[in-house]
Every structure is written in structure tokens, then in C-alpha cells.
Amino acid sequence: MYEIIEWYNANFYNDKSIKFRLKDIFNDHWDNFINEYPNLNIRPVVLKEVDKMISCRTSEFGYSVYECPDCGEIKFSYHTCKSRFCPSCSNKYVRKRTEAILQKCYNCNHRHIVFTISDYLWDFFRKDRKLLDLLF
């Protein structure tokens, strides 16, 4: 078993020509994961976002067709999921969000403070996610 893992790591992860995408991992293993752990209590919105990410840039979201007027070559451009969970789509969201926040910031030094929630309180927030809005 150890030799197989060593060969796999050496040949797969060191090969720069292989494109490694998070979407592929979810596509290959998400259904098995959900079936193996049915009591995880995953929120419906999370399930929906994972499904959107798996279907990103496929015919499920539709596509646009472009034809070259000179040579007649046809290209299909599949639409994106626009999910914040999707690695490719979230980059656009993060850039836009960052720009919007920077427009609201004063031109001065800032401090970043992280608030944590006690483990005893997390059950309340898991049951009603809107309670998180009260913290801010």
C-alpha cells in the first residue's frame, strides 16, 4: 500500500500538465460522502451550493454559441454557476466585494478584530442562522 501511495504522489502531484480542480474531487466523491455520513446535518443551502459548483460550466446552466464569420468555426461557452462556493466563480465575487469594502473604508490604519462564539452557544446559531446577524 505504501509503495502505491508513493508512486501516486510522485507521478500525479509532480506532473504539472495534470489540472487538479476542487470541482473534480466533489464530482467524484460528494455523493458517496453524503451517503456514508447521512447524519451530518448539512444545511440545505450548502447542498444547493455544492450542486451548483459541480454543475458550473456545464450544459446544465446553459451556454452561448459563437460562430466565426470567416471560417465558420463554432465555439460553445458554458455559463457559470455564480456561486460563492465555486472556486472559479468566487474569485469574481471576492474581487467585487473587496472593491466595495475598500470604497467604504477611511484612508487610515485599521485594526482587525475577530470575535469568537463559545462552544456552548453554537447550537443556538446552528438552529437559527439569523441570530448571527445580531452579533454585528
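Tutor: Let's go from the overall layout to a few single residues.

Student: Okay, what is the chain built from, and in what order do the elements run?

Tutor: Start with the elements. This is a predicted model, and its chain has six helices and two strands. From the N terminus on, the order is α-α-α-β-β-α-α-α.

Student: Since the model is predicted, how confident is the predictor, on average, in this chain?

Tutor: Look at pLDDT, the predictor's confidence in each residue. The chain averages 84, and 87% of the residues score at least 70. Among the elements, S1 has the highest mean pLDDT, 94, while helix H1 (residues 2-13) has the lowest, 48. Over residues 1-9 the pLDDT is below 50, and beyond near neighbours in sequence that stretch has three contacts in the model.

Student: What about burial: what share of the residues is buried?

Tutor: Out of 136 residues in the chain, 13% are buried. The accessible surface of the chain comes to about 12700 Å², and carbon and sulfur atoms account for 55% of it.

Student: Which residues make up the nonpolar surface patch?

Tutor: Tyr63, Val65, Ile74, Phe76 and Tyr78 make it, and the patch covers about 480 Å². Strands S1 (63-67) and S2 (74-78) each supply at least two of its residues, with the largest share, three residues, coming from S2.

Student: Now the loop between S2 and H4, where Thr80 is found. Is Thr80 buried or exposed?

Tutor: Thr80 has a relative accessible area of 15%, so it is buried. Leaving aside neighbours within four places in sequence, its contacts are Cys56, Arg57, Phe61, Cys89 and Lys92.

Student: Where does Asn41 lie, and what is its phi?

Tutor: Asn41 lies in the loop between helix H2 (22-36) and helix H3 (44-54). Its phi is positive, about 60°, although Asn41 is not a glycine. At 68% relative accessibility, Asn41 counts as exposed.

Student: One more, from helix H6 (residues 131-135), where Leu131 is found. Which residues does Leu131 touch?

Tutor: Setting aside residues up to four places away in sequence, Leu131 touches Phe124 and Phe125. With a relative accessible area of 28%, Leu131 is partly exposed.

Student: And across the chain, how many contacts join residues at least 24 apart?

Tutor: That one is given as a share. Among contacts between residues at least 6 apart in sequence, 34% join residues at least 24 apart.

Definitions and conventions: Residues numbered from 1 in each chain as written. Predicted model: local features only at pLDDT ≥ 70, side-chain atom pairs only at ≥ 80, totals over all residues. Heavy atoms only, no water. Patch = residues over 30% accessible without salt bridge, like charges linked within 9 Å, V, L, I, M, F, W, Y side chains within 5 Å. Areas by Shrake-Rupley, 256 points an atom, 1.4 Å probe, with all protein chains shown as cover. Salt bridge = Lys/Arg side-chain N within 4 Å of Asp/Glu carboxyl O. Helix = DSSP H or I, 4+ residues; strand = E, 2+ residues; numbered from the N terminus. Buried < 20%, exposed > 50% of the residue type's maximum accessible area, 1.4 Å probe, protein only. Contact = heavy atoms within 4.5 Å. pLDDT = per-residue confidence, 0-100.
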